[in-house]
Amino acid sequence: MMKLWKLLLWCLVWMCACTHSDDYAIRSTRVDLDEDSSHDGLIYVHAKDAYVTLGAKGATAIFNEKPKMGVRFDYDFSLGKHEVTLGEFRKYTSENWGFFADAIGDSLPVTDLTYYDAILYANARSKAEGYDTAYTYTSAQINVDGRCSGMEALVFSPEVDAYRLPTEAEWMLVASQDWDVEKAWTMENAMSRVHNVCSIGENRDGFCDMAGNAMEWMNDWLGFYKDTVVFDYAGGPDGALSGTRVVKGGGFTTPKEYTNFHSRGDTYDVVSNTHSVYVGFRLAFGRIPNAMWLSNDGVSVEDRLIPKISVRAIRSLVGTIRSKLVFRNELTRNLAFVDYSYAPQMAIEIKDTLNCFHPDISPDGSLVAFSTGSEGIDGPSSVYVRQLAVNGDSLVKLDVKNAAIPRWRVTEDGDTVIVYVTNAGDNTSDGNFKSWSTWQVPFSNYHFGTPEKLFDGAYHGGISYDNRLAVSGARRLRARIADSDSSSTVMDGSALDTIWYNEEQACNASLAKDSSKRTLFLDFASKTGEEFVGQSYSRHEYILIADSTGKLIHSVAAPKGYTFDHTEWALGGYMTVKSRYQPFIVTSLTTNNGAHEKIALVNLLDSSVTDLIEGTEVWHPSFWVEKGSLIDDERLNELDRDSAAVYYEGVDSKLIASKMNVFWNKCDYLKVVALGSSRMSLGFISNRISYGASFNMATIPSDMDVSRYFAVNYALNHCKKLKFLVVGIDMDLWGEVPGENISQNLGSVPGLFYDAHHNFWVEEGHELLKKLSSRYIQESSHLRFISQKNGWMEYDDDTRSWREGIALVADSTWSDNSNFIKNAISQLTEIIEKANEKGVSVLGVIFPQSPYYKKTGSFGRHGMRRSHALKTIEMLRDMEKDYSNFYLLDENLMGDHDYGDSLAYDYDHLNSKGAYQVTARIDTVLNKIGGK
């Protein structure tokens, strides 16, 4: 029987949930804690029936911290007493793995590691102690610096009893029990460095450093809260394109007043391959039996669409990453897709109110057609086409009374058309079937042409390339075969309508998109099929394949425990090309209880079945693969299509990678290119420059070496109309090991390496890359956004200000080593000299930072002694005299600037209002100098 206090508590919680109050009455319930004797260093949290409030309210709370949301727990878990230390990390990881082998201090928290590094450690400890792992993946990419920068086909399994990172809700429940920022290493007392764990005291519950010391990775994708109470919250279901993760607790660089338990991030967006000297992690242990995710539109998700194949595996299987999968999520009735070129490990759902069946990807891979009616169902249906992109833009409806099961074709004349039927119901009755008909309609530039009737009979299984065979399967496997006269087609009145497969029941018929005229279908354990296979079997247990005469020639068995459904030939390029026979079939895999649990790719060459996606109910797949020989410009065939212009590969790509396609698309007419760090990225509004066409090419992370790299190799080589380089003079970012930021920006982005290996296209020119990039921009809503903004990355939240509690990420004394400054000045000098050779001027801009840095010995957030900054500015002024094409615009003035709180985003970044002000001043200088 529930205790009285619990009953009263849940009455209160229920009232909060029902009223949707913006301020719940309690932060969390009190929970019992015990030492976890089975897991060294962890404390057992009796969380079942506990409650915690996430989020905050008020002017200081940012957009992703609102509204408040209640979370109830139906399970217990264990959490680390303190952050994982260097000593613990070394114990469970290889001596050759990692980037801190020489780090001193076994009791220090291990920091400066990625999310992937943290979960590798969790897996390693799970295996060492005989547990299964909570994280699975097909491959991990370890950078030259020893960090893990990516994982392919990464899946978190909450139901597994194993070590893992804590969820935000778990961390919040524990942190709110005894939050005490006075017992924390923060900016005020930490002296810009991490300290031994538990060295400032543990709280009354035995936990250390929940506040301060090292900021901590959470397991969660960053999702938006909802004003309600939810159960067993596990964050967002996926990265929602931004790929942002949650970090908690503040670190040794965070001022005390901003160290709170509702904060969810850092100054910059935190993605899985981010790493920082002040970010570490602590472990959790225990399964989450009924994990619930909350999508950004506030919909609770108890299941996820989980990609099961890596990009490398796709390339190995079908020959290229230029491939896409689209399918129906039966639970939401929406279309979802995976683009293995751009977001390789994320299924993106196109939110819609339409009921989407039988999607079919266009020959060029950019569009998807679908119907609102399904095979075997007699009833109204409409056909639509939309972009195969995040928002599914440019939705177009075919204006006819009834249309179902669209299939793309390219005619002999090269026209793109869609074939559809007027009804896709049960075709057993000859009368019904012949009262329906098959039609064709041209489609181009997002417009349908005039529909044309092809013939009577609903042949929605496809029409062969030579127009001599059409098939259909919705109870009976029907075929329309052209007369033996070589000039006849299925459109002729002399074509023969017949029923194959001994008139036994069949469905899911699909005609091959090559020249083989093979038909695949499923049956219902019919006598004909069992005789061909040589054994009895259950419904849909085999894919059967017939030749152009209806004779069975091949069969493939379903994996053990599954049957097939919704089978389709995979599209291997334009259907006008008579290529070798296509070996791939895409299909749903159905469990014994009828759940469509997976989508898989069947390879007829070896009858292998490879899982592509997993979910609760995933239906009607269509799979597209681009053929290199099918590109309209034959010169593109000489390029490696998995590398050339392949920059933006998903949520973990560097900022510069997401801008490169847009740069190639615009570089021919650019007069101004901006380079620099996040300050330039946020502060330079390209579209507000009146001097001429401008592009913001700033990136994160960045120093002068990064600016030099992209100025010399890209902007100066390919912007033929270039007049100005606007370069951020971020002196406090110069204390980096030479080349480190270059390495981080290059990362594992294939396009950047491909450019370097082709001498940045100086000899060949960039026209082919421009052509590829134009197409990629059209296909990606993210790249289109960057194109529209000309590279400016605008922050939506303008509610912050300069912060009086100054943050110092690095010790200002790094500038005592003058080599750092000399190296940066050398890089800037090379930019100026190379620009001068091309008749290009360079405008250096020192962006404003918080005026409160005047109270410190530091120039800015990342250090540098103020005295050294003054001397450096003097050097820059001397360079103005030495180089006629160099100009300096100092908008910081050592803190004595006129950028007030209303223009600031945080310590060292402007908000959009501030960006308008600094951009206007840059534009004035450009016009003044350009006018000369």
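**Notes on the helix packing in this model**

1. Starting with helix α4: E168, A169, E170, W171, M172, L173, V174 and A175 are buried there. That is eight of eight residues in a helix spanning 168-175, so α4 counts as mostly covered, burial being under 20% relative accessible area.

2. A word on confidence before going further. This is a predicted model, and the protein chain has an average pLDDT of 88, with 91% of the residues at 70 or above. Residues 1-25 fall below 50, and that stretch makes 35 contacts beyond near neighbours in sequence. Residues 573-579 are also below 50, with 21 such contacts in the model.

3. Now to α8 (655-666), starting with its partner α13. The angle between α8 and α13 is about 125 degrees, and their axes lie 8 Å apart. That angle makes the pair oblique, and the crossing is left-handed. On the α8 side the contact uses N661, V662, W664 and N665; on the α13 side it uses L769, K770, S773, S774, Y776 and I777. By type, the contact residues come out as five nonpolar, four polar and one charged.

4. What about α8 and α10? Their axes come within 12 Å and cross at roughly 15 degrees, which makes the two helices roughly parallel. Here too α8 passes its partner in a left-handed crossing. From α8 come I656, M660, F663 and W664, and from α10 come F710, Y714, A715 and H718. Those residues divide into seven nonpolar, one polar and no charged. Note that W664 turns up in the α13 contact and again in the α10 contact.

5. α10 (residues 704-718) also packs on α15 (residues 818-837), at an angle of about 15 degrees and with the axes 8 Å apart. So α10 is roughly parallel to α15, and α10 passes α15 in a left-handed crossing. The α10 residues involved are M704, D705, S707, R708, A711, V712 and L716, and they meet A824, Q827, L828, E830, I831, K834 and A835 of α15. The tally for this contact is eight nonpolar, two polar and four charged. If you are looking at the spacing of those positions, remember that an α-helix has 3.6 residues a turn, so residues three or four places apart point the same way.

6. Which residues of α14 (residues 781-789) are buried? They are S781, L783, R784, I786 and S787. These buried residues pack against β24 (383-387), α8 (655-666) and α13 (767-779), so α14 belongs in the picture with the α8 and α13 pair, whose oblique packing was covered in point 3. Just past the end of α14, N790 has a positive phi of about 50 degrees.

7. A693 is located in the loop between α9 (678-683) and β44 (694-696). In sequence A693 and N790 are 97 residues apart, while their C-alpha atoms are 9.1 Å apart in space. Setting aside neighbours within four places in sequence, A693 has contacts with Y669, L670, K671 and V672.

Methods. Residues are numbered from 1 along each chain as its sequence is written. This is a predicted model: local features need pLDDT of at least 70, side-chain atom pairs count only at pLDDT 80 or more; totals for chains, interfaces and linings use all residues. Side-chain values use heavy atoms; hydrogens and water are left out. pLDDT is the predictor's confidence in each residue, from 0 to 100. Contact means heavy atoms within 4.5 Å. Buried means under 20% relative accessible area, exposed over 50%, partly exposed in between (1.4 Å probe, protein chains only). Helices (H or I, at least four residues) and strands (E, at least two) are DSSP runs, numbered from the N terminus. Axes are lines fitted to C-alpha atoms, for helices over the stretch in contact, and angles run from 0 to 180 degrees between N-to-C directions. Angles under 35 degrees count as roughly parallel, over 145 as roughly antiparallel, 65 to 115 as roughly perpendicular and the rest as oblique. A crossing is left-handed if the near helix is turned anticlockwise from the far one by less than a right angle, and right-handed if clockwise. Ala, Val, Leu, Ile, Met, Phe, Trp, Tyr, Cys and Pro count as nonpolar, Asp, Glu, Lys and Arg as charged, and the others, Gly among them, as polar.
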